[in-house]
Amino acid sequence: MKVMQETKSLTDFRVGDLMIPSEKVAHVQLNNPLEHALLVLIKSGYSAVPVLDTSFKLVGTIGKTTILNHVLGLERIEVEKLSDIEVHEIMKSDIPRLTKDDSFIDGLKEVINSPFVCVADDNGYFDGILTRRAILKQLKRNFYA
Ligand code: AMP
């Protein structure tokens, strides 16, 4: 007998079902020098990663372009700035955030403007990230099975 598998409707999905959990997310810390952040970004191949404080609360994101713009002087790349400046000085702290309980549509709206959005709990502790890729994959599954 053929067992039909029930397809979960998109409205049944929560952000927590689709996010990459924190333990699999590359991140940097507030007080890391830019040099460390740039290494993490280059080695991982990601364009931006979350920034956490020492208690693993989400405080922002930092990307390659922001770092490179900061060290680009008028005539040369000011490499010394990579060790002099810390992540918190130039990170983006005004970032959108989601919680694990937010709906699929909440997630979809957020990833229209950004390739990924951070997920944190009500106390600010980092839970993971929701990527545009995860949303698109789920949309494809539900429309074309
Ligand atoms: P992707 O959907 O894999 O193309 O990822 C889009 C963006 O999300 C990447 O450029 C990173 O900024 C971020 N990202 C995806 N996966 C991870 C991860 N495991 N750790 C940190 N950032 C990630």
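Predicted model: local features only at pLDDT ≥ 70, side-chain atom pairs only at ≥ 80, totals over all residues.
Student: What makes the backbone nitrogen of Gln29 and a polar atom of the Asn32 side chain a polar contact?

Tutor: The distance between them is 2.7 Å. A polar contact is a pair of N or O atoms within 3.5 Å; within protein, one must be able to donate a hydrogen and the other to accept it, and residues adjacent in sequence count only if both atoms are side-chain atoms. Residues are numbered from 1 along each chain as its sequence is written, and side-chain values use heavy atoms, with hydrogens and water left out.

Student: Why is Asn32 called buried?

Tutor: Its relative accessible area is 17%. Buried means under 20%, exposed over 50%, and partly exposed in between (1.4 Å probe, protein chains only). Since 17% is under 20%, Asn32 counts as buried. Asn32 sits in the loop between S2 and H2; helices (H or I, at least four residues) and strands (E, at least two) are DSSP runs, numbered from the N terminus.

Student: Which residues does Asn32 touch, leaving out those up to four places away in sequence?

Tutor: They are Ile85, Glu86 and Val87. Contact here means heavy atoms within 4.5 Å.

Student: How do you know on which side of H2 the buried residues lie?

Tutor: In H2, residues 34-44, the buried ones are Leu34, Ala37, Leu38, Val40 and Leu41. They span an arc of only 160° around the axis, which places them on the same side of H2. The arc is that of the directions from the helix axis to the C-beta atoms. On the face turned away from that buried side are the exposed residues Ile42 and Lys43.

Student: What do the buried residues of H2 pack against?

Tutor: Their partners are strands S2 (28-29), S3 (48-52) and S4 (58-63), together with helices H3 (64-71), H4 (81-84) and H5 (87-90). After H2 comes Gly45, with a positive phi near 85°.

Student: What makes the phi of Phe56 worth a remark?

Tutor: It is near 70°, a positive value in a residue other than glycine. Phe56 belongs to the loop between S3 and S4. With a relative accessible area of 45%, Phe56 is partly exposed, because that value falls between 20% and 50%.

Student: Why are the buried residues of H6 said to line one face?

Tutor: Helix H6, residues 104-111, has Phe104, Gly107 and Val111 as its buried residues. Down the axis of H6 they fall within an arc of 65°, so they line one face of the helix. Their cover includes helix H1 (15-18), strand S5 (97-98), strand S6 (116-120), S7 and helix H7 (132-144).

Student: Which residues are around the ligand?

Tutor: They are Ile20, Lys24, Val25, Ala26, Tyr46, Ser47, Ala48, Val49, Phe116, Ile129, Thr131 and Arg133. A residue is near a molecule if one of its heavy atoms lies within 4 Å of it. S3 and S7 (126-131) each supply at least two residues of this shell.

Student: How many helices and strands does the protein chain have?

Tutor: Seven helices and seven strands. Of its 145 residues, 35% count as buried.
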